[in-house]
Amino acid sequence: MNLLTDLKRLFPYSQFVHSQEKIIQDVQNGKSVLAIMPTGAGKSLCYQYPAKLSKNLVVVISPLIALMQDQEKKALDLGIRAAAIHSGIGPSERNAKYQKLKNKDYQLLFVTPERFRKKEFRESLNENKVDLLVIDEAHCISLWGHDFRPDYSKIHQFRKEIGSPNVLALTATATPATQEDIIKQLGLVDQCEVIYGGMERAELAITVEDVFGNDEKNEKLLKLLDVKNGSQIVYFLLIESLAKFSQFLRSKKVDHLVYHGDLGKDQRASSLSRFIKNENVLMLATPAFGLGIDKPNIRQIFNYEIPGSIESYFQEIGRAGRDGQEAKAHLFLSDDDLSISMEFIKWAYPEKEFILKFFQMLEENPLGLLQEGFGFYREKLSFKNKRDYRVESAYNILERWGCVMPLSEVLSDENNFAAQKDFRVIIRKPADDDFRNENQKVLFQHQNKKLLQIYSWAKDESKCRLGAIYEYFGADYLVCGKCDWCHENQH
Ligand SMILES: [Zn+2]
């Protein structure tokens, strides 16, 4: 089998990049693979290739609809019979796709893990022989990853139902402990090869800037902004500091966009589309911004506060320099940031008693959510600290467990205008099993450890920044030659 000949014949590429060839070779030889590769290292080809050559079906499980639509389009452009089935498409399109799936018309199928909850989907899928099961963003399987999704933990079971095909699990951010857990969760212990694919991000220069307080941060950041040269993103942990910095920029007459959870759906959508359409834009955002965005010319990423983990940080800065041109990442480090971050983590993992209490309030007063939002419950639970967002966290957790309706449905326009007498939030009471399977206390301790790891990485003066990140993910240490440490140590 000559992979390169087929690549040139079937795809608009003349060669493989990074570890593509090794991954594809193993997959074609019927092996299961966990590949650690950053976005932009060409992971799509690793499933497009087997799909294009397959007489059967390749299924890709992906966490994000936005990502999926883009992947579907790219595959179709390559002449692969591909489809994405998700909640964003209307019933007629969905039914047509189910029918085609039933008729074995597809080579490549993109779905979220939640799709497996639908009986009709499973029945259509079961008509097919699945050659390969691809799990994108595979760290979502592990509680130790940084984006756990409960439905991802059922993939092991889905795999059995579709005849236990080989697996290609893909992630950009998994430490050795997370890698081990992913393999275990998939039931592939001793049957899965781990490949590091293209960890090199040669175009990325990382600098950690020590500052005292936010005023110095603002001034320094302002000087580093280069708004005429490509797009830039400033990431904030707190919406509060984002708003203050936005005000500061307005006083300096610097144009910018904002994106965070307190904005309405329409505002977020318009902010996002302006960011994507325009050449040189400055975006102030919370970490959720950027997932699934493939904008090539992001030249600088700033972290106004220290992110919660090296995983999140690497994911955020990985959005810069996708065009292969030079890009910079600046992390600001101020001594009070660590305590803010610790507090932030504490509120992300509320205790069992808190979750139950909040659930009870939701049950008694569901309309409060529609009329006054989370503030209604926060006030009743009498918090003094405005930044305390345990109520939001508790809702997310309950939503993940399937105990409450998805927030986007609850807050839809339809509900706002409806008579509200049929308004529903609650699905079922959280069970002991839910608390056991996702123990918030354990997760909290784990996240705290991750925060301390990124903090010591930022403070470490003995290693190349990028090299130390590679080591963290279990890859070989290297010296990047571009970061602040390399400059000072003349590499
Ligand atoms: Zn370096």
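This is a predicted model: local features need pLDDT of at least 70, side-chain atom pairs count only at pLDDT 80 or more; totals for chains, interfaces and linings use all residues.

User: How many helices and strands does the protein chain come to?

Analyst: The protein chain has 23 helices and 13 strands. Its radius of gyration is 23 Å, close to the 23 Å from the globule rule for 491 residues, so the chain is as compact as a globular protein of that length. That radius is taken over C-alpha atoms, and the rule is 2.2 Å times the number of residues to the power 0.38.

User: And what does the C-alpha trace span along its principal axes?

Analyst: About 65 × 60 × 40 Å.

User: What percentage of the residues is buried?

Analyst: Buried residues make up 39% of the 491 in the protein chain. A residue is buried if 20 or more other C-beta atoms lie within 10 Å of its own, exposed if 12 or fewer, and partly exposed in between, with C-beta atoms placed from the backbone.

User: OK, sheets. What's the strand order in the open sheet of seven?

Analyst: The order is E3-E4-E2-E5-E6-E1-E7, with parallel pairing. The edge strands, E3 (82-85) and E7 (192-196), each pair on one side only. From one strand to the next the twist averages 15°. For pairing, DSSP has to find at least two bridges between two strands. For angles, axes are lines fitted to C-alpha atoms, for helices over the stretch in contact, and values run from 0 to 180 degrees between N-to-C directions.

User: Which residue in E4 is the bridge partner of valine 58?

Analyst: Leucine 108. E2 (residues 57-61) and E4 (residues 108-111) pair in the parallel sense over four bridges.

User: Which strands does H3 lie across?

Analyst: H3 (residues 44-53) lies across E1 (32-36), E2, E4, E5 (130-135) and E6 (166-171), at about 155° to E2. H8 (residues 176-185) lies across E1, E6 and E7, and runs at about 155° to E1. Contact here means that the C-beta atoms of two residues, placed from the backbone, lie within 7 Å.

User: What's the order in the open sheet of six strands?

Analyst: That one goes E8-E13-E12-E9-E11-E10, with parallel pairing. Its edge strands are E8 (204-210) and E10 (257-259), each pairing on one side only. The twist averages 15° from one strand to the next. Inside it, E9 (residues 231-235) and E11 (residues 282-285) pair in the parallel sense over four bridges, and isoleucine 233 stands opposite methionine 283 in E11.

User: Switching to H4. Which of its residues are buried?

Analyst: Leu67, Met68, Gln71, Glu72 and Ala75. They cover an arc of only 135° around the axis, which puts them on the same side of H4. The arc is that of the directions from the helix axis to the C-beta atoms. Those buried residues pack against H3, E3 and E4, whereas the face turned away from the buried side carries the exposed Lys73 and Asp77.

User: What comes after H4?

Analyst: Glycine 79 follows H4, with a positive phi near 80°.

User: Where do the non-glycine residues lysine 104 and aspartate 190 with positive phi sit?

Analyst: Lysine 104, with phi about 60°, lies in the loop between H5 (91-102) and E4. It counts as partly exposed because it has 15 C-beta neighbours inside 10 Å. Aspartate 190, at about 65°, is in the loop between H8 and E7. With 5 C-beta neighbours inside 10 Å, aspartate 190 counts as exposed.

User: Last one: where is phenylalanine 374?

Analyst: It sits in the loop between H15 (367-372) and H16 (375-380). Leaving aside neighbours within four places in sequence, phenylalanine 374 is in contact with Val391 and Glu392. With 17 C-beta neighbours inside 10 Å, phenylalanine 374 counts as partly exposed. From valine 59, phenylalanine 374 is 315 residues away in sequence and 38 Å away in space, C-alpha to C-alpha.

Technical notes:
Residues are numbered from 1 along each chain as its sequence is written. Helices (H or I, at least four residues) and strands (E, at least two) are DSSP runs, numbered from the N terminus.
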